[in-house]
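This briefing is meant for a reader who is meeting the structure for the first time. It starts with a term that is needed below and then goes through the topics one by one.

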Amino acid sequence: MPLFYNVFGDEMKIYVDFVLFLNFMIDLLLLFGVSIILKRNVSINRIILGAFFGSLSILFLFFNINSFLLTIFKILISIIMVIVAFGFKNIKYLFKNFIFLYLLGIVLGGVLYFLNIQFSYKQVGLIFFHSGISINIIFLIIVSPIIIYLYIKQVSSLKNNYANYYKIRINLENREYKFIGFLDTGNKLKDPYFNRPIILINKDKISFNDMKKIYIPYVTITENGLLECINLKQVYIDSIGIKKNVLLGFIKEQITIDGVDCILQTKLLEGIKC
């Protein structure tokens, strides 16, 4: 089976210089992707030079060597590629660059393979046969940057979002509750009398009928009223530590953020004694 097909499904000749160019463009995209995700402060010239070294790995396909040695050579070329592009600071820095390079490569290769299967093969039961056009060069060049862009955007979004997730533990009446809290930078709700921060939670999460209530006035753009709260002697926030003199405020609305049980107040994470 040839490496590529033209738009009519016929085999076409593959020239070494063209394959090198295509491999160079893919490596360039991958290195740019790693640079953006890991926020590497490197020049474009270094990334271009790294991509050039990476493209040389395609030359090993023209030598009669076994698959094990081919894999070793490709790994070595990849290591050289990330060192050239991002420099060497320590093993951890190198390893992280290397892993993200391969992760991006797996994502790009997997999506392209999926598209090729979807558009090029037909299925009858468990039998797949070639029918139609395979991914051609133009399609590959156009789609690859889009795939990398969408992946980087999704990863960045996840990093920014889940960085605000915290595991918290609350002890009430000899019972420990474990929740996932979300730091809402807009939540500055606090007790106006003693300046205590307020954690918001749906009232169905904890049985609090027999506890002493505190009513805190609040004002929003759409309403105002009294928020029913209880005093927490302390709350443990993972990676932050123990915070004391915190109020737990009960709301009727369900929290719709993915996997979140309660909303944390910004003061809890600012290193300010509560």
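A residue is called buried when its relative accessible area is under 20%, exposed when that area is over 50%, and partly exposed in between. The model shown here is predicted, and its protein chain contains five helices and nine strands. Buried residues account for 38% of the 274 residues in the protein chain.

**Overall layout**

- Read from the N terminus on, the elements of the protein chain follow the order α-α-α-α-β-β-α-β-β-β-β-β-β-β.
- Among the contacts in the protein chain that join residues at least 6 apart in sequence, 61% are between residues at least 24 apart.

**Helix H2**

- Helix H2 (44–55) is made of 12 residues and spans 16 Å from its first C-alpha to its last, which is close to the 16 Å expected at 1.5 Å a residue.
- The residues Ile47, Gly50, Ala51, Gly54 and Ser55 of H2 are buried. They lie on the same side of H2, because the arc that they cover around the axis is only 140°.

- In soluble globular proteins, nonpolar side chains tend to be buried together.
- The largest nonpolar core has 25 residues, of which Leu30, Leu31, Phe86, Leu101 and Leu108 touch the most other members. At least two residues of this core come from each of H1, H2, helix H3 (67–86), helix H4 (91–120) and helix H5 (137–162), and the largest share, seven residues, is supplied by H1.
- When its neighbours within four places in sequence are set aside, leucine 31 has contacts with Ile47, Gly50, Ala51, Met81, Val82, Ala85, Phe86 and Leu101.
- Another core lies apart from this largest one and has 22 residues, including Tyr166, Ile170, Val246 and Leu268.

**Salt bridges**

- A search of the whole structure finds three salt bridges.
- One of them joins arginine 169 to glutamate 176, with the closest N and O atoms 3.3 Å apart. Arginine 169 counts as partly exposed because its relative accessibility is 34%, and glutamate 176 is likewise partly exposed, with a relative accessible area of 39%.
- Aspartate 191 and arginine 196 form a salt bridge through their side chains, at 2.7 Å from N to O, and both aspartate 191 and arginine 196 are buried.
- The side chains of aspartate 261 and lysine 205 also meet in a salt bridge, at 3.3 Å from N to O. This pair links distant parts of the chain, 56 residues apart, since aspartate 261 is in the loop between strand S8 (241–251) and strand S9 (262–264), while lysine 205 is in the loop between S5 and strand S6 (214–219).

**Aromatic pairs**

- The structure holds four aromatic pairs. In one of them, the rings of phenylalanine 52 and phenylalanine 53 have centres 6.0 Å apart and planes at 75°, so this pair is edge-to-face.
- Phenylalanine 52 is partly exposed at 44% relative accessibility, and phenylalanine 53 is partly exposed with a relative accessible area of 30%.
- The rings of tyrosine 165 and phenylalanine 182 are also edge-to-face, because their centres are 5.6 Å apart and their planes stand at 85°. Tyrosine 165 belongs to strand S3 (residues 165–172) and phenylalanine 182 to strand S4, so the pair ties together parts that are 17 residues apart in sequence.
- Tyrosine 165 and phenylalanine 182 are both buried.

**Positive phi angles in loops**

- Lysine 39 is not a glycine, yet it has a positive phi of about 55°. The residue is placed in the loop between helix H1 (16–37) and helix H2 (44–55), and lysine 39 counts as exposed because its relative accessibility is 69%.
- Asparagine 195 has a positive phi of about 60° and is not a glycine either. The loop that holds asparagine 195 runs between strand S4 (175–183) and strand S5 (198–202), and asparagine 195 is partly exposed, with a relative accessible area of 35%.

Notes: Residues numbered from 1 in each chain as written. Predicted model: local features only at pLDDT ≥ 70, side-chain atom pairs only at ≥ 80, totals over all residues. Heavy atoms only, no water. Helix = DSSP H or I, 4+ residues; strand = E, 2+ residues; numbered from the N terminus. Buried < 20%, exposed > 50% of the residue type's maximum accessible area, 1.4 Å probe, protein only. Expected span 1.5 Å × (residues − 1). Arc of directions from axis to C-beta. Salt bridge = Lys/Arg side-chain N within 4 Å of Asp/Glu carboxyl O. Phe/Tyr/Trp six-rings, centres within 6.5 Å; stacked < 30°, edge-to-face > 60°. Core = buried A, V, L, I, M, F, W, Y, C linked by side-chain atoms within 4.5 Å. Contact = heavy atoms within 4.5 Å.
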